[in-house]
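Reader: I am new to reading protein models. Could you walk me through one?

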Amino acid sequence: MSMASLILKRSSPYAIRSVIDSLRIPTSSRAYASVAVGSDIVSAAQDVSLQKARTWDEGVSSNFATTPVKDIFKGAYTGVCSNQHVPSYKNNIDKFKAKGIDSVICVAVNDPYVMNGWAEKLQAKDVIEFYGDFDGSFHKSLDLGKDLSAALLGPRSERWSAYVEDGRIKALNVEEAPSKMKVSGGDVILGQI
């Protein structure tokens, strides 16, 4: 018999209720988090670092290294997307406008809040329209969905670009691998308009 059950068996029902009530956190005294849905977790914990789970020996060999939160929560966007793909359109926006293009649109399998954060991070929100395909249905319907679970990314899309005029696809470029950017960049589309 454990100590807790021994004490509870000797206590009166009133004492048991009192003990249980004292363990509850009253909702009126609950402290709310300083972050909420839509908050930027990296901004909220700017200078915080965490220690990755590891054995003692691994800790010693890494000199007990920590990982900055900003490196853990890089966002739901990959380096190729952020460093090459979107910038290839952002940096050529004047050339697109000169060719009569009304809108440059970026669609990704993600929610609209992540897409907004990504657009802001890339400082591209004013020149490119970002849309979230939250459940991947748009990409699935185009047969451009891709399961990247093996890379710990889950359902995503192929890396692709298209020139669309009045709802009709005039040019479509799909990369052989989502980690590559050979045919879907802004310079390729500019040559196809």
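Reader: Where do I start?

Author: Start with confidence. This is a predicted model. Where pLDDT is low, the coordinates should not be read in detail. Here the protein chain averages a pLDDT of 74. At least 70 is reached by 66% of the residues.

Reader: Which helix has the lowest mean pLDDT, and which the highest?

Author: Helix α1 (residues 3-10) has the lowest, with a mean of 37. Helix α7 (residues 93-98) has the highest, at 94. Look also at residues 1-13, where pLDDT stays under 50. For that stretch the model has 4 contacts beyond four places in sequence.

Reader: What is the chain built from?

Author: Count the elements. The protein chain has 10 helices and 8 strands. Then ask how much is buried. Of the 193 residues, 26% are buried. Next, check the contacts with a separation of 6 or more: 47% of them join residues 24 or more positions apart. The accessible surface is about 13,900 Å², and carbon and sulfur atoms hold 55% of that.

Reader: How many aromatic pairs are there?

Author: The search of the whole structure finds 4. To sort a pair, look at the angle between the ring planes. Under 30 degrees is stacked, and over 60 is edge-to-face. Take Y89 and F96: their ring centres are 5.6 Å apart and their planes are at 15 degrees, so this pair is stacked. Both Y89 and F96 are buried.

Reader: Why does the pair W118 and F130 count as edge-to-face?

Author: Again, use the angle. The planes of W118 and F130 are at 75 degrees, so the pair is edge-to-face; the centres are 5.6 Å apart. This pair links distant parts of the chain. W118 is in helix α8 (residues 112-121), while F130 is in strand β4 (residues 129-132). The two are 12 residues apart. W118 and F130 are both buried.

Reader: Now the surface. Which residues make the nonpolar patch?

Author: V164, I169, L172 and V174 make it, and the patch covers about 340 Å². Now place it on the elements. Strand β8 (residues 168-174) gives the largest share, 3 residues. V164 is in strand β7 (residues 160-165).

Reader: Why does V164 count as partly exposed?

Author: Compare its value with the cut-offs. V164 has 45% relative accessibility, so it counts as partly exposed.

Note on methods:
Residues are numbered from 1 along each chain as its sequence is written. This is a predicted model: local features need pLDDT of at least 70, side-chain atom pairs count only at pLDDT 80 or more; totals for chains, interfaces and linings use all residues. Side-chain values use heavy atoms; hydrogens and water are left out. Patches are made of residues with over 30% relative accessible area and no salt bridge: like charges are joined within 9 Å, nonpolar side chains (Val, Leu, Ile, Met, Phe, Trp, Tyr) within 5 Å. Accessible areas come from the Shrake-Rupley method with a 1.4 Å probe; for residues, only the protein chains shown count as cover. A salt bridge is a side-chain nitrogen of Lys or Arg within 4 Å of a carboxyl oxygen of Asp or Glu. Helices (H or I, at least four residues) and strands (E, at least two) are DSSP runs, numbered from the N terminus. Buried means under 20% relative accessible area, exposed over 50%, partly exposed in between (1.4 Å probe, protein chains only). Rings of Phe, Tyr and Trp (its six-membered ring) pair if their centres lie within 6.5 Å; planes under 30 degrees apart count as stacked, over 60 as edge-to-face and the rest as tilted. pLDDT is the predictor's confidence in each residue, from 0 to 100. Contact means heavy atoms within 4.5 Å.
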